[in-house]
Amino acid sequence: MADGLVLRWYGTGTAGPEEPDAIVREVTALTTVASSQVPAPRLVAWSDEPPAILVTRLAGEHRLDASGSSVVLDLLDAIHATPPGASAGWTYRGYHEGFEMRRPTWWRDPRLWDRALELSAQRPNGVVEPVFIHRDFHPGNLLWVGDAVTGVIDWSDACVGPAPFDLAHYRVNIATLVGPDVADLAFPGDPVWDVEAGLGYLDVAGLDDWVGPWPGVPPSTARERVVGFLARALAALG
């Protein structure tokens, strides 16, 4: 752990209307993982007004690639084995739920898009026992020192839900960063939840303008890779 503290400010626009109680969720989740084996910042203080949390600063840097797959998978197991505590007050829903998912202009195959939406609407929530999940688990929310993860950050979306979703969300980010082939090789996943994560990964408020969340990946590449990611999942499902 590095010396110092980090102030996370939930200013206007940070926690959108789709996650109106993000600050309470993060406080609750940090309290939940404090007594677990999951490395995470420790909550120091928080405030509703102004909306902010103060946490310990952790050493480490991000790895925006597919390295450390066994470490990442073990970490997911540790998160999902954590008793959810008060975080059980929030239940998983897709990031795209409740929005009009009109096919973006850059998406060329309407049948692929329609099939993805159809399968998402039929997702097998009841088949997977809900556990504690991070829900926004991606390379940008992990801190590394050497071959060890020193921290999992940004717990504002934590809830109870399907464990495979966390891996699928990680997979679609890896697919965008380095390609679907690498994601499949390093982190084999479940195509049902890949579809769910792939749709939720898009900016539902601006589908036509979606450029991906990673500044180092050109928009055309990000779009091509997320389409490829969903196409692979749908092909696996038949």
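Reply: First the ground rules. This is a predicted model, where local features need pLDDT of at least 70, side-chain atom pairs count only at pLDDT 80 or more, and totals for chains, interfaces and linings use all residues. Residues are numbered from 1 along each chain as its sequence is written, and side-chain values use heavy atoms, with hydrogens and water left out.

Me: Which residues of H3 are buried?

Reply: Leu-112, Trp-113, Ala-116, Leu-119 and Ser-120. They cover an arc of only 135 degrees around the axis, so they sit on the same side of H3. The arc is taken from the directions from the helix axis to the C-beta atoms. Turned away from that side are the exposed residues Arg-111 and Ala-121.

Me: Why is Ser-120 called buried?

Reply: Buried means under 20% relative accessible area, exposed over 50%, and partly exposed in between, with a 1.4 Å probe and protein chains only. Ser-120 has 8%, so it counts as buried.

Me: What does Ser-120 touch, not counting residues up to four places away in sequence?

Reply: His-96, Val-195, Glu-196 and Leu-199. Contact means heavy atoms within 4.5 Å. The buried residues of H3 as a group pack against helix H6 (191-201) and helix H7 (219-237).

Me: Why is Ala-163 called partly exposed?

Reply: Its relative accessible area is 21%, so Ala-163 falls in the partly exposed class. Ala-163 is found in helix H4, residues 163-178. Leaving aside neighbours within four places in sequence, Ala-163 is in contact with His-80, Val-128, Val-131 and Ile-133.

Me: How many aromatic pairs are there?

Reply: The count comes to 10. Rings of Phe, Tyr and Trp (its six-membered ring) pair if their centres lie within 6.5 Å; planes under 30 degrees apart are stacked, over 60 edge-to-face, the rest tilted.

Me: What makes Tyr-92 and Trp-193 an edge-to-face pair?

Reply: Their centres are 6.3 Å apart and their planes stand at 80 degrees. The distance passes the pairing limit and the angle is over 60, so edge-to-face is the label. Tyr-92 lies in the loop between helix H2 (69-80) and H3, and Trp-193 in helix H6, so the pair ties together parts 101 residues apart in sequence. Tyr-92 is buried at 6% relative accessible area, and Trp-193 is buried at 1%.

Me: Why is the pair of Tyr-95 and Phe-165 called tilted?

Reply: The centres are 6.3 Å apart and the planes are at 50 degrees, so the pair is tilted. Tyr-95 lies in the loop between H2 and H3 and Phe-165 in helix H4, so parts 70 residues apart in sequence are tied together. Tyr-95 counts as buried at 16%. Phe-165 is buried at 1%.

Me: What lies over the face of Tyr-95?

Reply: Arg-135, at 4.2 Å from the ring centre. The rule asks for NZ of Lys or CZ of Arg within 6 Å of the ring centre and within 35 degrees of the ring normal.

Definitions and conventions. Helices (H or I, at least four residues) and strands (E, at least two) are DSSP runs, numbered from the N terminus.
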